[in-house]
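Morning, everyone. Please bring up the model and keep the sequence beside it.

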Amino acid sequence: MGILFEDGNFSTFYHGFLQTIELSAVSALFALLLGVVLAAFRVSPVPILRAFGTAWVTVFRNTPLTLLFIIAVFALPRLDVHFSSFAFAVLALSVYTSAFVCEVLRSGINTVPLGQAEAARSLGMGFGQTLRLIVLPQAARTVLQPMSSIFIALPRNSAVAGAFSVPETFGVQKVFDEKGYPIFATFFWIALAYLVISFTVSGIFRVLEKQLAVAR
């Protein structure tokens, strides 16, 4: 179990851990922003936007994450789109996660009484204003628990990036394997790292739930 303190392993593991946090945080931010836009499309009165939102969710919810990584890392450069491995990983994770964020938000929007939107329109508010000021704040409170599950799973999903030249936590396993360390000891520390991240994300959402519960 002491492999972290041998031959500079702690530095390797520490940088991989930080890379996982950075990758997860940036992907979560883009997935949330994209998910909000897609959720707005899904409930939009404009048929084309609804169709686009539906198609996006249908395609990316049913596409394996590994396949999205393959497309991002190998197919996009053939189209003369060049980014770093980290940027491609963020792209794949954000696109994949945004589909789930969209559907969770849409379910929350559907819980808001229709009368509130109608009252907002009677006051002269447009669709965008109604969604931003009336509907989304209420919907966000009702979807915190399912949303937490999505963002708890995101760091674990980021492990796929280790197979595509991103030196994140799970990718450290290859380094330790090459040094001949026992696989059980390696996976013990990797699992512990993901548990720390998961408990931290869970704690953040519990704090948000308490604060928003008081604000209701």
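Let me start with a question: by about how many helical turns are E103 and R106 separated in helix 4? About one, because they sit three residues apart in that helix. Keep in mind that this is a predicted model.

Why does that spacing matter here? An α-helix has 3.6 residues a turn, so residues three or four places apart point the same way. And E103 does form a salt bridge with R106. The closest N and O atoms are 3.1 Å apart. Salt bridges that share partners join R42, R61, E103 and R106 into one network.

Let's take the other contacts. The structure holds three salt bridges. One of them pairs the side chains of R42 and E103, at 3.0 Å from N to O. That pair links distant parts of the chain. R42 is in helix 1, residues 9-42, and E103 is in helix 4, residues 85-111. They are 61 residues apart.

Next, E103 with R61. Their side chains meet in a salt bridge at 3.8 Å, N to O. Again, distant parts of the chain are linked: E103 in helix 4, R61 in helix 2, residues 47-61. Here the separation is 42 residues.

Now the burial. Is E103 buried or exposed? Buried: its relative accessible area is 15%, and the cut-off for buried is under 20%. R42 is buried as well. R61 is partly exposed, with a relative accessible area of 39%. R106 also counts as partly exposed, at 26% relative accessibility.

On to helix 7, residues 144-157. Does its length hold up, or what span should we expect? At 1.5 Å a residue, its 14 residues should span 20 Å. The end C-alpha atoms are 20 Å apart, so the two agree. Which residues of helix 7 are buried? L144, M147, S148, I150, F151, I152, L154 and P155.

Last stop, the surface. Look for a nonpolar patch made of I183, F184, F187, F188, L192, L195, V196 and F199. Together they have about 770 Å² of accessible area. I183 belongs to helix 9, residues 183-215.

Terms used:
Residues numbered from 1 in each chain as written. Predicted model: local features only at pLDDT ≥ 70, side-chain atom pairs only at ≥ 80, totals over all residues. Heavy atoms only, no water. Helix = DSSP H or I, 4+ residues; strand = E, 2+ residues; numbered from the N terminus. Expected span 1.5 Å × (residues − 1). Buried < 20%, exposed > 50% of the residue type's maximum accessible area, 1.4 Å probe, protein only. Patch = residues over 30% accessible without salt bridge, like charges linked within 9 Å, V, L, I, M, F, W, Y side chains within 5 Å. Areas by Shrake-Rupley, 256 points an atom, 1.4 Å probe, with all protein chains shown as cover. Salt bridge = Lys/Arg side-chain N within 4 Å of Asp/Glu carboxyl O.
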